[in-house]
Amino acid sequence: MKNPEEIFKLLKKEFSEIILDLDKETPTESIILVDPMQITKIGKFLRENEELKFDSLMVLSGVDDANGTKTKDEDGSDMISGGTLSVYYHLHSTVLKHKITLKVSTQRENPQVESVYNVWRTSDWHEREAFDLFGIIFLNHPDLRRILMPYDWEAGYPLRKDYKNPEFYKGMKVPY
Amino acid sequence: MALKTETMVLNMGPQHPSTHGVLRLELEIEGELILSVKPHIGYLHRCFEKHAEAMTYPQVIPYTDRLDYLAAMGNNFGYVIAVEKLLGIQIPERVEYIRVIMAELQRIASHLVAIATNGADIGALTPFLYLFRDREYILTLFEMTCGARMLYNYMWIGGLSHDIHPDFVRKTKEFINHFRPTVTELNNLLTFNKIFIERTANVGILPLDTAINFGASGPVLRGSGLPFDVRREDPYSIYNRFDFEIPTGKGLVGTVGDCWDRYYVRVLEMEQSVRIIEQAIDNIPEGDVQSAIPKRIKPPKGTVYARVENPRGELGYFIISDGNINPFRVKVRAPSFVNLEVMGELCKGHLVADVIAILGSLDIVLGEIDR
Amino acid sequence: MGLLDKEFSDGNIVIAKVDDLMNWARLSSIWQLGFGLACCAIEMMATSASHYDFDRFGVIPRNTPRQADAIIISGTVTLKMATRIKRLYEQMPDPKYIISMGSCANCGGPYWEHGYHVLKGIDRVIPVDVYVPGCPPRPEALLEGLLKLQEKIRNESLRKKIA
């Protein structure tokens, strides 16, 4: 059983140049910020280290931070350019009973994150979902397709804050 | 000359009576033997997460009902716990007790449907009729409390929508007295039925390390032998006050982690839920169930991940607040979504008919898989 | 109903109009396509289970569209599912009837505003005979919807289909 600070120190010792930061600002959870291109390595370490043993990925969530510059389109809808998309990893150890949250942020224009498919198999569908709804590309994912939306959906990524729904899909009117 | 053979692709669903809704399974088969299974989901994608971003915090509660519609109370429970953590408010004792009773009643009702459909899918229609009779009993209790049969919107942030009916305690005790013998009846009717055992024992064996790596939870994980229950691991509400056991799969008629084990864990869990209700029902303290409901719900900036043990497993809500009256992001960790991922592993090398038994034992609800 | 009124005294012969006879036969054994979509499907299951017993109205689930008379659209129809439902509908033989069960199937229900993937009403894809409101409708409401459908079938004519 370790608290987030101890885990952060352990990680800092192991990967002195990669781990970015520990965010203690949020009142409820401490979050370790990680480089999106190193998440596999860190995941493997977290999973296999004897003192950590994070064998279970509870949830992987994509988030649109909506921190870019907001502009208005000609029809009055929001457009966001720049800023970041993030992925949160909530880890839990079924053996040692401790929890930790990791966060990676990536550029909105070219969102790329390493896949943790080979570390926690459960991330398969979670990553597909984040790709489907946010357009985050998980490198080295074996089967990155849409999962919830139709495979031929062309109108973009619905959970982005500036998403615009199409008028029609296959001849069916979509808005109310 | 070697005979040239081809594998066949068989589509199961989205309209199929045994896929528990609108799941589509793409089976690659060679004769009757399954080579691979690819689940296709999303036929019930109702955009919960988009709705949650557009609604205020209390307005999200009715949408959480519709995630896992067989266990709406549990969904409410998880969401309100997450928001209460974010707000940092204390809940009156009376509310906590009523919430636990409701959640456990819901667990029984949900497992009844799971067991009934599991049986009905592989040909045992009679238990279905018996178990739905008992489920109606629980639904009457809920209806008496909040007026709805299935989707309750009962637990509010900081309180409850209604206090319990004056008759509720008496009726619940009546139900418990009625329900105890039905479990025995069920065991005679289905659990130890020769045909049922033949269909489910040694079918779809899920080894424990695979289960953990796939993130499985609830009866699927416990069926593989690990006594992991969020109520015990990470106690929320007042679960640490009650005495209950965590049943696990023992391989009583087959191998640990087979379909029968997952099924039997549910039967045993219903008995444990009854135990919890019995301990709670006499100790409900007096009080006002709406006294702690905040006037204006506007949590501070922050993130929270709260999880509860829903009948199908670990239900988690990940909420990001940006200090506004509506959530910035709500992500649901739906137990069925994760549990369904193991489907491909479980079905390999089995027959087509076993797919139904395996799917039934996973007990999925498409509403929370697709959200 | 007027079907068994005109009877000869020896009891073996009944006179009825063909219309009445056909309608009577149709309305007393509506076989529904056994598939559920969402929350309402659970109430539909509860309706066919022991407490409410759909069977007493002659409704039994039939698992292939080619032998079904009615579909109960029980739940939210998404864009992905709508094309499949249309195909199921087209596979059914005439006469075929649709009961739209619950607010989601009627008009999108609680998902009408932000549901980017929800079809706002099944009647945008296939014609509906009876709408049952509620979220979800009680089993009694579904039974009422079925009785309304029977009423509709009773007034049909072979020469001209009303529904």
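Reply: The second largest cavity in this predicted model has a volume of about 70 Å³. Its lining is made up of 14 residues, and those nearest the centre are Arg46(B), Cys39(C), Cys40(C), Cys104(C) and Cys135(C). In chain C, H2 and helix H4 (103-107) each supply at least two residues of that lining. Sorted by class, the lining of the second largest cavity holds seven nonpolar, five polar and two charged residues.

The structure holds seven cavities of 30 Å³ or more, and the largest cavity has a volume of about 90 Å³. Of the 13 residues lining the largest cavity, Ser56(A), Thr94(A), Ala216(B), Leu221(B) and Phe228(B) are the closest to its centre. Here the classes come out as five nonpolar, five polar and three charged.

Chain C deserves a word of its own. Five helices and five strands make up its elements, and from the N terminus on they run α-β-α-β-β-α-β-α-β-α. Along the principal axes, the C-alpha atoms of chain C fill a box of roughly 65 × 35 × 25 Å.

H2 of chain C, which spans 39-48, turns up again in the largest pocket, where this helix, strand S2 (60-62) of chain C, and H4 and helix H5 (125-146) of chain B each supply at least two lining residues. The largest pocket contains about 920 Å³ of space. Its lining has 37 residues, and Pro17(B), Phe128(B), Met45(C), Ser48(C) and Pro61(C) are the closest to the centre. That lining divides into 23 nonpolar, 10 polar and four charged residues.

Of its 28 lining residues, the closest to the centre are Arg160(A), Lys161(A), Tyr163(A), Lys50(B) and Glu53(B). Two elements give two or more residues to this lining, strand S5 (78-81) of chain A and helix H1 (48-54) of chain B. H1(B) gives the most, with three residues. By class, the lining of the second largest pocket has 10 nonpolar, six polar and 12 charged residues.

Now to the packing around H4 of chain B, one of the helices that line the largest pocket. H4(B), residues 93-121, packs against helix H11(B), residues 259-281, at an angle of about 155 degrees, with the axes 9 Å apart. The two helices are therefore roughly antiparallel, and their crossing is left-handed. On the H4(B) side the contact includes Tyr97(B), Glu104(B), Arg107(B) and His111(B), while the H11(B) side includes Tyr263(B), Arg266(B), Glu269(B) and Met270(B). The residues of this contact divide into 16 nonpolar, three polar and four charged.

H4(B) also packs against helix H6(B), residues 168-191, at an angle of about 25 degrees and with the axes 13 Å apart. That makes H4(B) roughly parallel to H6(B), and this crossing too is left-handed. Ile101(B), Met102(B), Leu105(B), Ile108(B), Leu112(B), Ile115(B) and Gly119(B) of H4(B) meet Phe168(B), Phe175(B), Phe179(B), Leu186(B) and Leu190(B) of H6(B). This contact has 11 nonpolar residues, one polar residue and no charged ones.

Terms used:
Residues numbered from 1 in each chain as written. Chains lettered and ligands numbered in written order. Predicted model: local features only at pLDDT ≥ 70, side-chain atom pairs only at ≥ 80, totals over all residues. Heavy atoms only, no water. Axes fitted to C-alpha atoms, helices over the stretch in contact; angles between N-to-C directions. Helix = DSSP H or I, 4+ residues; strand = E, 2+ residues; numbered from the N terminus. Parallel < 35°, antiparallel > 145°, perpendicular 65-115°, else oblique. Left-handed = near helix turned anticlockwise from the far one by under 90°. Contact = heavy atoms within 4.5 Å. Nonpolar A, V, L, I, M, F, W, Y, C, P; charged D, E, K, R; others polar. 1 Å grid on protein atoms, 1.4 Å probe; cavity = no way out; pocket = protein on both sides within 12 Å on 5 of 7 lines; lining within 4 Å. Points joined across faces, edges and corners; volume = space filled by probe spheres on them.
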